[in-house]
Amino acid sequence: MSLTNLFKIALRAIAANKLRSLLTMLGIIIGVASVITMMAIGQGSKRSIQAQIAEMGSNMIMIRPGQDRGPGGARQDADEMQTLKLKDYDKLKAEAKYIAAISPSVNASGQFISGNNNTPSTLYGISPGYMDIRRLRIDDGEMFTDEDVKTGAKVCLIGKTVADALFTGGEDPVGRVVRFGTIPLRVVGVLESKGYNSAGMDQDDLVLAPYTTVMKRVLAVDYLQGINCSAITEDMTDLAIADISALLRDSHKLREADEDDFTIRSQQEMAEMMNSTSDLMSTLLLCVACISLVVGGIGIMNIMYVSVTERTREIGLRMSVGARGIDILSQFLIEAVLLSFAGGLIGILVGVGATVAVGQLAHWPVYVQPWSVVLSFAVCTATGVFFGWYPAKKAARLDPIEAIRYE
């Protein structure tokens with residue numbers, strides 16, 4: 001029997017039981033749609049993380065005080081660690097070989113006030129090199145100078161969120177004075193807006209000032225909460241970390257057997273960790289979605305068994321007039337594949353539609369990979385072949401005489 005005739009017979013059988021066929025395809029539709037949507041969400045999150053890290057500076061290196069042990073060997077709280085000093089910053093700035101820019105870091109949170117307006121935010125004490133490290137731009141005004149850093153000048157740059165909260169009348173913030181608690185700070189510039197990152201944090205809700213100003217006038221401390229720097233190139237990040245570690249160990253006079261009293265993290269390390277977490281979540285979501293495909297395949301097998309049972313006499317009559325076992329096998333196998341094929345097509349449309357809806361309504365980062373659509377379609381077709389084979393094989397092995405006698 002020709003393949004065309006087999007397709008026509010399979011299509012007539014599916015059309016004769018429209019509702020049953022639709023319910024059979026439902027598992028495949030849900031499975032394919034789930035796979036496409038889950039992979040789009042996972043890939044979108046991964047791309048968002050990569051874009052955020054690239055925006056922050058893919059070659060950025062962060063140095064923080066380590067888990068220093070206090071009296072009795074107890075671990076100190078991170079806020080109380082004082083293992084990073086200005087001399088460490090000066091040593092790295094003078095001797096580190098593989099860094100392009102470096103800035104100390106101290107910060108304090110509190111209320112900023114201008115006239116009758118106030119807003120909570122974070123004051124970061126940094127040096128001008130911080131702008132290159134974090135790839136920040138100035139929208140209005142200018143950066144404070146190295147001279148401002150030396151003298152501990154009461155100047156600052158403010159983010160767009162802070163500017164909008166404090167200067168509600170549309171006035172130019174540059175040249176105006178804002179207070180952080182009781183300390184007046186003259187605004188010398190407004191940062192270019194960066195918006196929200198993938199974690200939902202407002203990157204414009206910050207105020208930058210010379211680190212000497214924050215250390216002396218705000219925190220009254222002589223230690224640093226961190227040091228940020230950037231490697232000359234992304235490929236030199238590991239070399240820069242090794243060099244920084246050696247210089248800090250020398251500065252802190254640590255013996256070979258001593259643990260580091262500082263920690264060094266790079267954007268590459270953060271990217272790998274976040275991508276690993278994202279991939280794990282995507283894999284878990286994908287596994288859950290694939291269960292729907294398996295359930296859909298089992299549904300196809302059940303319906304094909306029912307179809308073979310219902311059409312036993314038809315099979316017997318066809319075999320008695322010359323149909324071969326391979327013809328019967330092909331007929332039921334084609335029917336199973338058509339159910340999977342149609343379910344896959346509808347599932348792709350539903351999956352892409354659901355992905356667009358998630359992006360538009362939930363504002364999640366999504367990205368549909370073409371290969372995920374092809375893979376889903378290939379898997380659903382293979383599911384039809386796999387789960388349709390046994391019922392089709394059973395139909396092909398029926399004895400014609402016994403089949404005709406079947407009631």
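Modeller: Asp139, Asp140, Glu171, Asp172 and Glu192 come together on the surface as a patch of negative charge. A patch here takes residues with over 30% relative accessible area and no salt bridge, with like charges joined within 9 Å. A salt bridge would be a side-chain nitrogen of Lys or Arg within 4 Å of a carboxyl oxygen of Asp or Glu. Asp and Glu count as negative, and the charge is placed at CG of Asp or CD of Glu.

Bear in mind that this is a predicted model: local features need pLDDT of at least 70, side-chain atom pairs count only at pLDDT 80 or more, and totals for chains use all residues. Numbering runs from 1 along each chain as its sequence is written, and side-chain values use heavy atoms, leaving out hydrogens and water.

Now zoom in on Glu192, which sits in the loop between strand S7 (183-191) and strand S8 (207-210). Strands are DSSP runs of E, at least two residues, and helices are runs of H or I, at least four. Glu192 counts as partly exposed because its relative accessibility is 41%; the class lies between buried, under 20%, and exposed, over 50%, with a 1.4 Å probe and protein chains only.

Strand S8 also holds Pro210, which is buried, at 0% relative accessible area. The C-alpha atoms of Pro210 and Val149 are 5.1 Å apart, though 61 residues separate them along the chain.

As for the whole chain, it has 13 helices and ten strands, and 46% of its 407 residues count as buried. Its C-alpha atoms fill a box of roughly 105 × 60 × 40 Å along the principal axes.

Technical notes:
Patches are made of residues with over 30% relative accessible area and no salt bridge: like charges are joined within 9 Å, nonpolar side chains (Val, Leu, Ile, Met, Phe, Trp, Tyr) within 5 Å. Accessible areas come from the Shrake-Rupley method with a 1.4 Å probe; for residues, only the protein chains shown count as cover.
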